Amino acid sequence: MAFQKAVKGTILVGGGALASVLGLSQFAHYRRKQVNLAYVEAAECVSEPVNREPPSREAQLLTLQNTSEFDILVIGGGATGCGCALDAVTRGLKTALVERDDFSSGTSSRSTKLIHGGVRYLQKAIMKLDIEQYRMVKEALHERANLLEIAPHLSAPLPIMLPIYKWWQLPYYWIGIKLYDLVAGSNCLKSSYVLSKSRALEHFPMLQKDKLVGAIVYYDGQHNDARMNLAIALTAARYGAATANYMEVVSLLKKTDPQTGKERVSGARCKDVLTGQEFDVRAKCVINATGPFTDTVRKMDDKNATAICQPSAGVHIVMPGYYSPESMGLLDPATSDGRVIFFLPWQKMTIAGTTDTPTDVTPHPIPSEEDINFILNEVRNYLSCDVEVRRGDVLAAWSGIRPLVTDPKSADTQSISRNHVVDISESGLITIAGGKWTTYRSMAEDTINAAIKTHDLKAGPSRTVGLFLQGGKDWSPTLYIRLVQDYGLESEVAQHLAATYGDKAFEVAKMASVTGKRWPIVGVRLVSEFPYIEAEVKYGIKEYACTAVDMISRRTRLAFLNVQAAEEALPRIVELMGRELNWDDYKKQEELETARKFLYYEMGYKSRSEQLTDRSEISLRPSDVDRYKKRFHKFDADQKGFITIVDVQRVLESINVQMDENTLHEILNEVDLNKNGQVELNEFLQLMSAIQKGRVSGSRLAILMKTAEENLDRRVPIPVDRSCGGLFHLFFPLQPFLQSPF
């Protein structure tokens, strides 16, 4: 701890002012150099990784089976569990980690994507004179600085705006935010500042203007949470930890201590979820780092153990990027029911959340329509009335279970701990629970310290401060340029690879397929509007991806960004994974169905699709009904009362536009509510009514029919010598539709 305090005192003296001069990009370079100097002692304490690349899952399973006894066995592959494995193995302890599902499949991939100290916790600490909350914020701000340094490719500072609508709030919030900077001290990313109303609207033009007084901007960090979790797991594996996903703990092993006569936990009976094979993994110490499932493992140890986890559901939604500026977030500190809502740019989209409601523990949490609408209503309060916040613009939604805990040693068992709790049972099971993403490293350090003391393990102090995670060591902000120049990747794809894999991006680029085009030379995309390429599927298997869900949700983030795009990419992903993993046709179909079910329930596709059903009401004005009937009958020329692919093709051919039959089938199927292969007039009117209400957006059929109608109405004889044969004027208006991501 003394060394950590010394490090904290040497990082970024005067950083806020320097950042203002250099700008964020150069400032990041400067910070990295300064911190590298400060962390040189920590770096020298840890030897080089024993593996250049993480061993395969098969090799890891053999290690788990054939090792007579580990020093540490960690149960749980979230951020905290992987952090414990990394902390233990870098101290020289023989370490194993097992995870029932995939790394980061639970809470750690469903966060707000912030690396933060907790502005609201500081407010409570000051208002209630709570020293524990103050220490928690102080610790989190130190960990924030460390995490931004050890994974620079996956994280970055993010300015967050706090809009002010009452004059008296300006000094109140200003003092609070300045205290946040002050508590951060040398770890302050950049000094907060005040904006006038006009300047605030310059930075955030879609902000509600009425009664706006001004705004305060402060800085926190943002990251790609699932990829960060995976980087921790891969780094632990490279340093020698035997880590395996899809390994379920069936029961805990126990043996009698000859000195005390008491039963002690000595390992776990594990089951390979993918093959059904079971075997024992023995260890001197077992650590329970299972987040919301904390009590499940505690009751394996002692069926009478008192429950300490009080799960809370946090729902987030993803909306198109145009809802927020590319590099400025928004904080709503006082929603209608007192909860805090963030509105942040992320992966060129906009993420909004979170809710905070009691829930039951489940491995498959589902976002509710009530929570989605709550977030949308709060967003409407802060955005200009010129911006129509539509339900149909929710591209994905998810629920994460936050494992709030009560300290079992506390006299007041009803008080929820906002910090983490390390609990040691009579049989020696060590449980780490609570806390938050930002403090995963310090939580792991405290846990391994407790393990060493309780089980008399021979190891030195923690060595993870300043220890680069996989991909971070040789990353630079300009690394993507080399990818473009050396491999012929699109700039957007190259930037994505550099920001996802860091210095390992070159390995992905080497796997990229030739496109057959003049440019880009390599890098076939999985879907046109996202920079994910097919090579990432092959590389994802090297990163322990075992299922299609792993690939769409955690190796890539497609499912979290756009459920429809993820579903579109699924067949190709399954085909590529099947080729690498030797899946037969039955297995491929099973993977498709499982992944579609995941998208439907856990990623909000169900809520999205329910906005248009065969029971949807039609609430249109008579004039609108007449207008839409007229449009419909331009396609239904035979007055059948329905349109088919043939009808759409006929209209498109009349305006010299051709479209693939499979694409047309997909477009009509989105609106074909009774799935009879045709779109009836009533279904079309239901669609248009839902669009008017904002429940549906981006309907390809609606846009196609509107654009085609405009072309048909606009057609007049055009001189051939001025119109490229007339085709340009007929075809050009459909270009936006044909290139549209939806």
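## The EF-hand stretches

Let's start with residues 659–694: the chain there is 58% helix and 6% strand, and the end C-alpha atoms lie 28 Å apart. Helices (H or I, at least four residues) and strands (E, at least two) are DSSP runs, numbered from the N terminus. Over residues 623–658, the chain is 64% helix and 6% strand, with the end C-alpha atoms 32 Å apart. An unreviewed UniProt entry annotates both 623–658 and 659–694 as "domain: EF-hand"; such annotations may be inferred rather than shown by experiment, and their positions follow the numbering used here, with feature names shortened.

## What you're looking at

This is a predicted model, where local features need pLDDT of at least 70 and side-chain atom pairs count only at pLDDT 80 or more, while totals for chains, interfaces and linings use all residues. Residues are numbered from 1 along each chain as its sequence is written, and side-chain values use heavy atoms, leaving out hydrogens and water.

The chain has 30 helices and 21 strands.

## Rings in pairs

Searching the whole structure turns up 14 aromatic pairs. Y322 and Y323 make a stacked one, 5.2 Å centre to centre with 25° between the planes. Rings of Phe, Tyr and Trp (its six-membered ring) pair if their centres lie within 6.5 Å; planes under 30 degrees apart count as stacked, over 60 as edge-to-face and the rest as tilted.

W168, Y172 and Y173 form one aromatic cluster.

## Charges over rings

K113 has its charged end over the ring of W346, 4.9 Å from the centre. For that, NZ of Lys or CZ of Arg must be within 6 Å of the ring centre and within 35 degrees of the ring normal. Likewise, the charged end of K640 sits over the ring of F642, 5.3 Å from its centre.
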